[in-house]
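These are my notebook entries on one protein model. I set down what I looked up, entry by entry.

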Amino acid sequence: MKNKLIAPSILSADFARLGSEVEQVLASGADIVHFDVMDNHYVPNLSVGPLVCSALRSYGIEAPIDVHLMIRPVDRIIPDFAAAGATYITFHPEASDHVDRTLQLIQDVGCRTGLVFNPATPLDHLRHVVDKVDMILLMSVNPGFSGQQFIPRTLEKLAQARQLIDDSGLDIRLEVDGGVKLDNIRSISLAGADTFVAGSAIFSAADESDPNRYDSVIRAMRAEIDDTA
Ligand code: DX5
Ligand code: ZN
């Protein structure tokens, strides 16, 4: 696996032609598909569920699908996402009454696990479960919407999470989500992130009539981060 991964968030894609949008960002060099699930309860917005994940698999999408659950409660829907073809299932610790149990459940259904930290949520939740986590996702905006501004203090938190991962000696990805753009992705990478979610920066940067419309933005992002490993 490449060290630095670009993960377009489907939230900014054209949902009327989602399969082809996802196919095109992958063909343009994206690595994984970031799949935002919102319930109008844990966050004030509503998006998609397992049916749409499964539809992407049926359409032929083979890349890893990184399911970001912004829902409460969490556990009931996990087996459904596993059956729908999720690769990672990440959740917010505040949204689960039993964080260790939820991580275990994700492992039991054969998916990779992740914990997601809101801007004001400390990393403390990791202390006793770090060995059950495959991905740490730091929110650099408050969850719920694409197109928000990157919160600069995330850079310090990224450095803290990077240290924690390195000290653990475990193979854990460090993902960042929210307001990632061409002009800040380099500093985010230098702070320690290895997986970059980008919604509006990728999907809105395009001329609809061009079949290779995502090539230039993804190539430009890659150029910003490739030498920061
Ligand atoms: C926000 C979502 C993000 C969002 C990112 O709650 O988790 O994945 O789509 O969008 P941008 O990159 O536009 O901030
Ligand atoms: Zn997300």
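**Entry 1. Conventions.**
I worked from a predicted model, in which local features need pLDDT of at least 70 and side-chain atom pairs count only at pLDDT 80 or more, while totals for chains, interfaces and linings use all residues. Residues are numbered from 1 along each chain as its sequence is written, chains are lettered from A and ligands numbered from 1 in the order in which they are written, and side-chain values use heavy atoms, with hydrogens and water left out.

**Entry 2. The whole protein.**
I recorded eight helices and eight strands. I took helices (H or I, at least four residues) and strands (E, at least two) as DSSP runs, numbered from the N terminus. Along the principal axes, the C-alpha atoms fill a box of roughly 50 × 35 × 30 Å.

I then looked up burial. Of the 229 residues, 55% count as buried, where buried means under 20% relative accessible area, exposed over 50%, and partly exposed in between (1.4 Å probe, protein chains only). The protein exposes about 10,000 Å², and carbon and sulfur atoms supply 49% of that area. Accessible areas come from the Shrake-Rupley method with a 1.4 Å probe; for residues, only the protein chains shown count as cover. Of the contacts with a separation of 6 or more, 63% come from residues 24 or more positions apart; contact means heavy atoms within 4.5 Å.

**Entry 3. The zinc site.**
Which residues coordinate the zinc ion (ligand 2)? I found H34 (NE2), D36 (OD), H68 (ND1) and D177 (OD), at 2.1 to 2.3 Å. Donors are N, O and S atoms within 2.8 Å of the metal (3.2 Å for Na, K and Ca); water is not among the atoms, so sites may look incomplete. Along the chain, these donors follow the spacing H-x1-D-x31-H-x108-D. H68 lies in strand β3 (residues 65-70) and D177 in strand β7 (residues 173-177), so this pair ties together parts that are 109 residues apart in sequence. Both H68 and D177 are buried.

I also checked the geometry. The six donor atoms around the zinc ion (ligand 2) subtend angles of 69 to 169 degrees, which makes the arrangement octahedral. Four donors count as tetrahedral if all angles lie between 85 and 135 degrees; four count as square planar and six as octahedral if opposite donors are over 155 degrees apart and all others between 65 and 115; anything else is irregular. For reference, ideal angles for six octahedral donors are 90 or 180 degrees.

**Entry 4. Helix α1.**
α1 is mostly covered, with seven of its 10 residues buried: L18, G19, S20, E21, V22, Q24 and V25. These buried residues pack against β1, β2, α2, α7 and α8.

V25, which lies in α1, counts as buried at 3% relative accessibility. Leaving aside neighbours within four places in sequence, V25 is in contact with P8, A30, I202, F203, Y214 and I218. E23, also in α1, is partly exposed, with a relative accessible area of 42%. Not counting residues up to four places away in sequence, E23 touches Y59 and I61. E23 and L56 are 33 residues apart in sequence and 9.3 Å apart in space, C-alpha to C-alpha.

**Entry 5. Helix α8.**
Which residues of helix α8 (residues 215-225) are buried? They are V217, I218, M221, R222 and I225. These residues cover an arc of only 135 degrees around the axis, which puts them on the same side of α8; the arc is that of the directions from the helix axis to the C-beta atoms. On the other side of α8, R219 and A223 are exposed. The buried residues pack against β1 (5-8), α1 (18-27), α6 (185-190), β8 (195-198) and α7 (200-203).

**Entry 6. Backbone details.**
A cis peptide bond joins R72 and P73, with omega about -5 degrees; P73 lies in the loop between β3 and α3 (78-83). Just after α1, G29 takes a positive phi of about 110 degrees. N40, a residue other than glycine, has a positive phi near 55 degrees. N40 lies in the loop between β2 (33-38) and α2 (50-59) and, at 53% relative accessibility, counts as exposed.
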